[in-house]
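Morning, everyone. Please have a look at the model on the screen.

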Amino acid sequence: MTVEQFYDYICGDYAGTKGRLMTDERILRFVNKFPADGSYQLLLDSLDSANVEEAFRAAHTIKGVAQNLGFTALYKSSEAVTEILRSGSLDVAAKMPELTKYYNLTIDGIAKLNA
């Protein structure tokens, strides 16, 4: 899978990311760091323990990283969760399936990119 195909697979913005990072090698360097980021698990754990502040920080981190790396679908879904948590509410159950879908799709795409 090429880097451009990866971005198509995850519903991302290859052109915008390439415009910022300039080369596929540089994109790969940053994309390959994404699976090691613990923010998604921290989000799940914080939601389980009803810690809205920590859940907000985790969702906000996912949103920022996704935006910077051009993971458009993950960015949009994490933005929705972030804004609910920003208000102090833990009522994200309706939005988490989409975030989880695009998080898993991104992780799967990275694995395929490196296969």
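This is a predicted model: local features need pLDDT of at least 70, side-chain atom pairs count only at pLDDT 80 or more; totals for chains, interfaces and linings use all residues.

Residues are numbered from 1 along each chain as its sequence is written, and side-chain values use heavy atoms, with hydrogens and water left out.

Start with helix H7, residues 96-113. Helices are DSSP runs of H or I, at least four residues, numbered from the N terminus. At 1.5 Å a residue, the 18 residues of H7 should span 26 Å, and the end C-alpha atoms are 25 Å apart, which agrees. The expected span takes 1.5 Å times one less than the number of residues.

Which residues of H7 are buried? Met96, Leu99, Tyr102, Tyr103, Thr106, Gly109, Ile110 and Leu113. Buried means under 20% relative accessible area, exposed over 50% (1.4 Å probe, protein chains only). Down the axis of H7, the buried residues fall within an arc of 160°, so they line one face. That arc uses directions from the helix axis to the C-beta atoms. On the other side, Pro97 and Lys101 are exposed.

Now the rings. Phe, Tyr and Trp rings (six-membered ring for Trp) pair if their centres lie within 6.5 Å; planes under 30 degrees apart are stacked, over 60 edge-to-face, the rest tilted. The count is seven aromatic pairs. Tyr7 and Tyr14 are tilted, at 6.0 Å and 55°. Tyr40 and Tyr103 have centres 4.1 Å apart and planes at 10°, so they are stacked. Tyr40 sits in H4 and Tyr103 in H7, 63 residues apart.

Key. Helices (H or I, at least four residues) and strands (E, at least two) are DSSP runs, numbered from the N terminus.
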